[in-house]
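Colleague: I would like a close look at one part of this model. Please keep to what can be computed from the atoms.

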Amino acid sequence: QNEIYTEGIHGRGPRVPTDHAELERRARRVMSKRAWAYIAGGAGEGSTMASNRAALDRWAIVPRVLRDVSSRSLETELFGRTLPAPVLFSPVGAGALAARDADMHIGHAAAELGVPYIFSNQGCAPMEQVAAEMDRVRPGAPRWFQLYWSTDDDLVDSLLGRAERMRADAVAVTLDTTMLGWRPQDLNIGSLPFARGEGIDQYTSDRRFREIVAERVKAAVAAERPEISLGAIKTLVSIARNSPGGLLKNLTAPEPRVAVQTFLDIYSRPSLNWDDIAGLRERTSLPIVLKGVLHPDDARQAIDVGVDGIIVSNHGGRQVDGAIGSIDALVAIAPVVDGRIKVLVDSGIHTGADVFKALALGADAACIGRPHMYGLALAGADGARDVVANIIAELDLTLGLSGHTSVTDVTREALQQIS
Ligand code: FNR
């Protein structure tokens with residue numbers, strides 16, 4: 001934070017606001033209505049988003065003094081790797097709404113900080129490209145892959161194989177979005193980002209996904225021609241217009257439309273169950289982390305099926321309206337897990353003090369979603385980096401000022417519950 005103060009003295013000020021409320025206000029001003037609706041929006045009446053903040057506010061930090069906090073460490077171990085801080089970038093799909101090449105910028109930012117970036121399965125850049133950019137900044141920079149379990153098993157295997165080859169540290173399987181939640185902000189505008197095909201390059205860069213699209217394109221063309229339907233005429237017109245190379249080549253003309261439809265049809269599997277997760281061990285060598293766990297019994301079962309970690313999350317309040325705040329869920333889950341597997345948390349974490357509370361309540365690390373997207377919208381890679389760097393700087397201060405020298409020393413003793 002010394003650098004931030006120094007910038008202030010020179011009259012430049014920080015690149016992005018150093019508090020969440022102003023960050024959000026400023027980001028809203030630069031984002032399109034559609035981007036704001038999708039990124040800032042939550043499910044239903046927004047009550048889960050409110051619960052996330054209320055749950056954090058129910059805990060107060062009770063600082064201790066005179067403990068020599070002159071040297072401090074935020075270092076955290078996750079899956080065999082020592083991280084500079086217990087903080088990760090949450091996976092965020094359709095980032096192109098906020099900025100061009102969003103994933104590349106965020107990868108760059110995460111690599112500069114040396115903290116993991118969890119690549120979204122709905123990322124708008126292929127994971128290999130983002131990994132290469134991260135390696136350029138910091139060779140071997142940590143990255144994870146987030147999987148939405150497709151209805152097509154070969155696609156699941158293809159994505160897992162890619163994640164292994166680009167040297168992901170872990171795969172996070174998101175469990176809370178087997179169907180998209182009720183999101184009034186998007187519904188009222190009548191537009192979901194993916195309907196126009198933004199943000200699906202993670203899929204369109206996949207060999208198995210392209211195979212499925214090619215099969216569907218062939219079927220669509222075959223079905224359209226005999227009837228000479230309006231669709232077929234339109235397709236033929238676009239063929240004539242766009243492809244001087246001849247009719248066969250033009251079999252790919254409907255591809256973008258079919259690709260989007262294919263993506264919407266197959267990206268997630270509502271029938272997903274514990275047997276699938278148990279079988280995942282056979283399909284990947286990567287550490288497996290289940291994202292979206294909120295019930296202690298599910299945490300117990302996660303341990304029983306042999307996964308390596310969980311992310312206590314309600315998807316930033318975007319799925320079930322009226323769901324439990326993620327910190328309230330963490331309080332119930334941490335004692336059940338009792339250190340047997342890694343426990344991460346996200347949803348509503350805005351500040352270093354929030355991360356501190358999460359650690360005190362039993363989390364090994366916290367993930368940051370919307371805040372880094374706001375930084376991205378305001379100032380690209382530098383903005384995304386600064387938002388997370390600010391959170392880490394405040395965590396370091398909170399650690400010291402509350403009388404701790406290491407994040408691993410922070411326990412529930414540091415907090416008092418206020419009813
Ligand atoms: C998300 N999230 C998400 N999660 C996931 O597993 N895969 C994804 O593709 C996405 N996409 C996504 C898009 C947008 C615009 C947002 C805001 C969120 C959820 C995300 O990983 C994380 O759980 C929440 O964002 C955490 O809450 P906060 O930090 O945004 O309050």
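How many residues of domain 1 are in contact with how many residues of domain 2?

Modeller: The model is a predicted one. An automatic or database assignment divides the chain into domain 1, which covers 2–190 + 269–417, and domain 2, which covers 201–266. Between these two, 14 residues of domain 1 are in contact with nine residues of domain 2. On the domain 1 side, helix α7 (residues 153–165) supplies the largest share, four residues. Taken over C-alpha atoms, the centres of the two domains are separated by 37 Å.

The largest nonpolar core has 121 residues, and within this core Val171 and Leu330 touch the most other members. Helix α17 (residues 370–401) gives the core its largest share, 14 residues. Both domains take part in this core, with at least three residues drawn from each of domain 1 and domain 2. Apart from neighbours within four places in sequence, Val171 is in contact with Trp144, Phe145, Leu147, Leu160, Ala163, Thr284, Leu286, Ile288 and Val289. Two of these partners, Leu160 and Ala163, fall in the residue range of helix α7, 153–165.

As for the ligand, 23 residues surround it, and the closest are Ser90, Gly93, Gly316, Gly369 and Arg370. This shell divides into six nonpolar, 13 polar and four charged residues.

Definitions and conventions
Residues numbered from 1 in each chain as written. Predicted model: local features only at pLDDT ≥ 70, side-chain atom pairs only at ≥ 80, totals over all residues. Near = placed C-beta within 6 Å. Nonpolar A, V, L, I, M, F, W, Y, C, P; charged D, E, K, R; others polar. Contact = placed C-beta atoms within 7 Å. Helix = DSSP H or I, 4+ residues; strand = E, 2+ residues; numbered from the N terminus. Core = buried A, V, L, I, M, F, W, Y, C linked by C-beta atoms within 7 Å. Buried ≥ 20, exposed ≤ 12 C-beta atoms within 10 Å, placed from the backbone.
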